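Me: I am new to this structure and would like to learn how to read it one feature at a time. Could you give me the general idea first and then the case at hand?

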Amino acid sequence: MSSKVGTMEQTPTALGRPRSEPARRAILEAALRLVARDGYQAVTIKGIAEEAGVGRQTVYRWWNSKGEILLEAIGEYAGPSAVPEPTDDPVHDLREVLRGSFRLSPVAGPIISGLMADATHDPVFLEKLQSDLLARRRALVRETIERGQRSGRIGDGADLALVTDMIWGTMWYRILSQHAPVDEALADELTEAVLRLLGPGA
């Protein structure tokens with residue numbers, strides 16, 4: 001990668017400062033490469049800046065920590081691929097939401113585990129992690145199930161908050177313990193478990 005990043009395209013930051021779009025993307029991509037190569041704990045702001053070909057001051061002008069960088073990277077590069085277009089079959093859509101999310105687990109899982117570990121010591125970052133990533137994934141599953149209930153395809157035999165926790169809790173337990181894979185087979189198994197738990201539709 002070139003040691004200099006162009007600055008013709010710019011986007012405003014939350015503080016109103018112009019932000020070079022090529023530099024931003026270079027930093028996000030560099031952070032993802034370093035995590036994949038070295039692991040979350042080994043990544044530093046200095047390393048990200050060097051990998052991206054920018055100065056550390058550029059990174060710190062836009063983010064306060066590597067966690068913020070990787071949270072934005074996950075949201076931009078991984079999130080959209082785990083949000084399939086809805087169809088008129090909410091059961092199919094639920095299965096595809098889980099398949100899409102679980103396919104990303106080899107890369108996204110270790111990153112989000114690292115983000116969650118960082119968040120335990122930083123309430124402000126925890127709130128950002130919840131609002132920017134975790135709550136959105138929970139809401140996507142809940143809204144998909146609710147759409148199935150409105151259409152009569154899915155029943156309402158259990159609390160939706162509990163069902164959502166069951167889905168994501170299973171994923172996180174497997175990621176952390178590494179005792180079993182997080183894959184499309186698990187997505188299919190959880191979809192069937194949810195349907196049995198909630199019962200038939202009206």
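Reply: Let us begin with contacts, where the term means that heavy atoms lie within 4.5 Å. In the protein chain, residues 24 or more positions apart account for 64% of the contacts with a separation of 6 or more. Please keep in mind that this is a predicted model, in which local features need pLDDT of at least 70 and side-chain atom pairs count only at pLDDT 80 or more, while totals for chains, interfaces and linings use all residues. Residues are numbered from 1 along each chain as its sequence is written, and side-chain values use heavy atoms, with hydrogens and water left out.

Me: How many helices and strands does the protein chain have, and in what order do the elements run?

Reply: Such elements are DSSP runs numbered from the N terminus, with helices being H or I of at least four residues and strands being E of at least two. The protein chain has nine helices and two strands, and from the N terminus on the order is β-β-α-α-α-α-α-α-α-α-α. Taken along the principal axes, the C-alpha atoms fill a box of roughly 60 × 35 × 30 Å.

Me: What share of the residues in the protein chain is buried?

Reply: A residue is called buried under 20% relative accessible area, exposed over 50%, and partly exposed in between, using a 1.4 Å probe and protein chains only. By that rule, buried residues make up 43% of the 202 residues in the protein chain. As a case of the middle class, G55 sits in the loop between α2 (45-52) and α3 (56-62), and G55 counts as partly exposed because its relative accessible area is 25%.

Me: Is K66 buried or exposed, and which residues does K66 touch?

Reply: K66 belongs to helix α4, residues 66-78, and K66 is buried because its relative accessible area is 13%. Not counting residues up to four places away in sequence, K66 touches Y40, Q41, V43, I45, I48 and D118. For one of these, I48, the separation is 18 residues in sequence and 8.3 Å in space, C-alpha to C-alpha.

Me: How should I read the length and the ends of a helix such as α1?

Reply: The expected span of a helix is 1.5 Å times one less than its number of residues. Helix α1 (residues 21-38) has 18 residues and reaches 26 Å from its first C-alpha to its last, close to the 26 Å expected. At the N-terminal end, S20 caps α1, with a side-chain oxygen 3.2 Å from the backbone nitrogen of A23, and just after α1, G39 takes a positive phi of about 95°.

Me: What polar contacts does the side chain of E21 make?

Reply: A polar contact is a pair of N or O atoms within 3.5 Å; within protein, one must be able to donate a hydrogen and the other to accept it, and residues adjacent in sequence count only if both atoms are side-chain atoms. The side chain of E21 makes such contacts with the side chain of R24 at 2.8 Å and with the side chain of R25 at 2.9 Å. E21 lies in helix α1 and counts as buried because its relative accessibility is 11%.

Me: What does α8 pack against, and what follows α8?

Reply: The 18 residues of α8 should span 26 Å, and the end C-alpha atoms are 25 Å apart, which agrees. Buried residues of α8 include W168, M171 and W172, and the buried residues of this helix pack against α5 (90-103), α6, α7 (123-151) and α9. At the start of α8, a side-chain oxygen of D159 reaches to within 3.1 Å of the backbone nitrogen of A161. Q178 follows α8, in the loop between α8 (160-177) and α9 (184-198); Q178 has a positive phi of about 55° although it is not a glycine, and counts as exposed because its relative accessibility is 66%.

Me: Which residues line the second largest pocket?

Reply: On a 1 Å grid over the protein atoms alone, a pocket is an open set of points where a 1.4 Å probe fits, with protein on both sides within 12 Å along at least five of seven lines, and lining residues have an atom within 4 Å of a point. The second largest pocket is lined by S105, P106, P110, S113, R174, I175, Q178, A180, P181 and V182. The elements giving two or more residues to this lining are α6 (105-119) and α8, and α6 gives the most, with four residues.
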